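Subject: Structure handover

Hello,

The structure is below, followed by notes on what was found in it. Please read the notes alongside the coordinates.

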Amino acid sequence: RGYHALDAESVKAYAAGIEEIAGRLGTSDPGALRAREVGDGNLNLVFIVEGPASAVVVKQALPYVRLVGDSWPLPLKRAYFEWNALVRQAAVQPERLPALHHFDPVNALIVMEYLSPHVILRKELTAGKRFKHLAEHVGVFLAETLFRSSDFFMDTAKKKADVALFADNVALCAISENLVFTEPYFDAPLNRWTTPQLDGLALALRADRAVKVGAQEMLYRFTTKSEALLHGDLHTGSIMVTAKDTRIIDPEFAFYGPMGFDIGALLANLYLSYFAQEGHAETPDGRFAQGEWLLETAESIWSVFAESFARLWREERNGILFSRRLFEDVGDEVGATVGMHQFLQAVFCDVVGFAGAKMVRRLVGLAHVEDMESIADPDRRAVCEARALLMGRELLVNRGVFGDIFGLSCLARSILRE
Ligand code: SR1
Ligand code: MG
């Protein structure tokens, strides 16, 4: 009766055996179901199970890192943290998530809506596609989920209990602590890069005191700033899109951390896609236009986040931080607004540093991105990756000098032109 890893056959019996799921699928006969495993992430199994009435997704944690194998065990409890994060995000932004159907803690498994015709954003960006609602949807999602899980909004006792609950997501936090902030900067056994042309830049990182200190300063923020409940792994593979819709999936790395981490992760992935464009075949609109759209999208995500956050600050600041009474007693809402702008500036500085760390780790660490890996010609790939690595280093080292999001676009353009 304990944990069993499912396969494309046993998942049918599993789904048919749960009354609520069988009802959705339209049958309790496993023989009337079709199932396939479609997971292409680094950690889990993902099945699509189709019945006569509808389909569902079954996501199951494996007791090890799928990317590496059973030599790297990983706690099944991550499914519990993912479920808890999904439930909290769904209370705030249900329209941006798949509908949640069922959680099985023993089998470390979540059953949720099969999103169709949604596709993974990363693949679409690589193919040169654009999504006009993406920045608005994601910017609002970030502001809503981060603000409403912070001390600006949450009841302080509930927040402390929640911080404690997610503090147990130790193994997944350790993955980020090691793979994002630490291993890319020394001779860690799992580090890799795909072309010898990158040897010089990759090895130089290990002797680069400024970048190492920058990465450690960001690690300090990652481990100490329990500002808000983070998604924890918000890259373009954790977003599914159609022309009109956007859904955020996979928050198994969730914990209470710095707000800038989620935003920085997403921007890093847009910049990686930006630098990968020249490595791929031309599109009718041109790869240059796609690159400019990616930079504008990064700019809009930050702007929408900041505007939405400011509105929430003005209208829904009900927590212990910057309490209304503290400022209204002296008629000084302006003072509170100054505090809000200073807070957002500090978040922005974190965004820049985290974006830098997230770019570097995808180029010389263990886990890479398809945007770059799918560039067939190694010489072109090396050029694209080298440019992205330069930007990542610059963001980490000089994160304090960027006054606004447009400075990041300027940096990206200037590196592309060099
Ligand atoms: C060993 S897991 C490698 C990476 O995959 C996940 O998507 C996270 O980004 C993690 O760092
Ligand atoms: Mg994931």
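Two strands pair if DSSP finds at least two bridges between them. Helices (H or I, at least four residues) and strands (E, at least two) are DSSP runs, numbered from the N terminus. This is a predicted model, in which local features need pLDDT of at least 70 and side-chain atom pairs count only at pLDDT 80 or more, while totals for chains, interfaces and linings use all residues. Residues are numbered from 1 along each chain as its sequence is written, and chains are lettered from A and ligands numbered from 1 in the order in which they are written.

Sheet. S8 and S10 (residues 239–241) are paired antiparallel over two bridges, with Val-119 opposite Val-241 of S10. The open sheet has three strands in the order S8-S10-S11, with antiparallel pairing. S8 (119–120) and S11 (246–248) are the edge strands; each has a single partner strand, so one side of each lacks a neighbour in the sheet.

Loop. Gly-31 sits in the loop between helix H2 (19–25) and strand S1 (34–37). The C-alpha atoms of Gly-31 and Ala-127 are 37 Å apart.

Regards
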